[in-house]
Amino acid sequence: MKVWAAIVSAVLIGTVVPVAANAAESPPAAKAQAKAPLPGAAKNVELRKALPETEGAISINFLDYQHRDVMFVSGKFGLRTYDVSDPDEPVLLDHLTKQELALPGDDVAQRFWENEDVSVDPQRKLVFLARERTAFGRQGGAERPTGVYIVSAADPADLRLQSFAPMGTGHITTCVNDCRYLWTTGYDGTPSTDPDTYRRSGKVFVTDIRDPRNPKTLPTYVDLNRNQGQTHMTHDVQVDAAGIAWVAGTGGTRGYHTRGWHRDPLTKRFREATAIDPVPYAGGGVSKATMPTAFSHNSFRPVGRTLSDGPRPTRENPAGSLLLHTEEAFGSPTCKDQGRFVISSLKGSDQGQSWRATPEKPFELRTVGVWTPDDQEGTIPGPGTFCSAHYFDVQKRIVAYSWYEQGTRFLDISNPAKPIQIAYWRPEGATSFAPYWHKGRVFLADLSRGVEVLSLTPGAHQAQSTGTNVTLRTTPGEAVARPAGEVRNRLPLVPDPDYGAACPMLEGRECEPGSLSCC
């Protein structure tokens, strides 16, 4: 691996907006409880392979190299590549270390953070890593560089850092328009006196990467005034099979045309949509009864080639009219009150309603279905347990869904009004971040256990075909990636200083060798 030295000068001339913030303190009882091991439970899921060396894994993506299928694992450790041509036997190819990603002033003993949803360019074989303001232990009140690293993966066994695009945020970056542009989301560092972190200012930063060695972040922002007419935090972007870019954040999820000619519902005129000046498509907020925090974390719209992955279209919910999205929130240890999986209807939202909404005249999507682990067998109740819907992936009407310490759930969504659980994976000490369907397997990024390769057993498909909600049994130590005699403790998670409980992080700023907070 070779690091392109010129990124240092690119960073030094970048604009950085510092912000003072302190991590919320956990009550002593919660801290003590956070170290207690959690018993495991599993049903209709088989562990095919575990990669414990990827402990600290956050997100995964894949690229096809004709005769080689490659997995990219982003985590606290940097970026790792694996040959997964045999999905049950991943082979390590290369590791772009966090030390190689460090910028002047970074503490290399601390973690790389966070790149919560790693993006790739399948044509130019590029990988994009978003750098958060808390990366490498950066403290509030000091310079905290944010932006996106651009990595060449032309040879996945020889990763090369090409450039760094500094900008005012760096939580998640997403390709739009065939990866000629990046949309980067997250808290932009704007000082706020509002105690509610979900309401802090945010916007989508647009970066021209047609020349990846010379990325240019533009002075124009996207998705302002997203929460009933007020500018609040953006979080993630997902581009559907029809090319609509869906921006999730405080105030729900909204979609945009980023190319082609379309009627702009705000001006009522046809104009060309671009990545810099997109045309509003549809979407909006969700009722407080469904999403009390109004914070939509990420989304998926089944349409086109992915239509058969989502719920079955009906007259009431025709093709392309449903939006699946996540409320990430930790107000309930069982997700009874918040932090749930939501299916909304987009009908009646395509005339700019969300863009015209105000706090006095809000606009909300109709809720079609909701699912939570609450009252499900295998769910761990009680204070101190992190339960929140997080990232999910969909294949053949089955949602693989991460719920942090409540594990990974597999839901049949054939009927969007009544999702049912057909399988479940919650091994000891799990902190499930994101699952990904690939080649009939689910590659799971678990912050505390590393990457695990899972497959559904025939029992899961039988449960789907019969519409049977699975009954789980708690089986401590039955499915562990490490030796059965080794106890897996829970990670001491605390709210992020900038995002609050929306993005929990490991407790403790100092890195003590051998400790769970040592990255």
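## The link between Cys 175 and Cys 179

In this predicted model, a disulfide joins Cys 175 to Cys 179, with a distance of 1.9 Å from S to S. A disulfide is a covalent bond between the sulfur atoms of two cysteines. The torsion about the S-S bond of Cys 175 and Cys 179 is about 90 degrees, and the disulfide is therefore right-handed.

Are these two cysteines buried or exposed? Cys 175 has a relative accessible area of 14% and is buried, because buried means a value under 20%. Cys 179, at 5% relative accessibility, likewise counts as buried.

## The link between Cys 335 and Cys 387

A disulfide is also formed by Cys 335 and Cys 387, whose sulfur atoms lie 2.2 Å apart. About the S-S bond of Cys 335 and Cys 387 the angle is -125 degrees, and this link is left-handed. The pair connects distant parts of the chain, since its two cysteines are 52 residues apart: Cys 335 sits in the loop between β23 (322-327) and β24 (341-345), while Cys 387 sits in the loop between β25 (364-371) and β26 (392-395).

Cys 335 is buried, its relative accessible area being 0%, and Cys 387 counts as buried too, at 1% relative accessibility.

## The count

How many disulfides does the model hold by the rule used here? The count comes to two disulfides, with the sulfur atoms of a pair required to be within 2.5 Å.

Methods
Residues numbered from 1 in each chain as written. Predicted model: local features only at pLDDT ≥ 70, side-chain atom pairs only at ≥ 80, totals over all residues. Heavy atoms only, no water. Buried < 20%, exposed > 50% of the residue type's maximum accessible area, 1.4 Å probe, protein only. Helix = DSSP H or I, 4+ residues; strand = E, 2+ residues; numbered from the N terminus.
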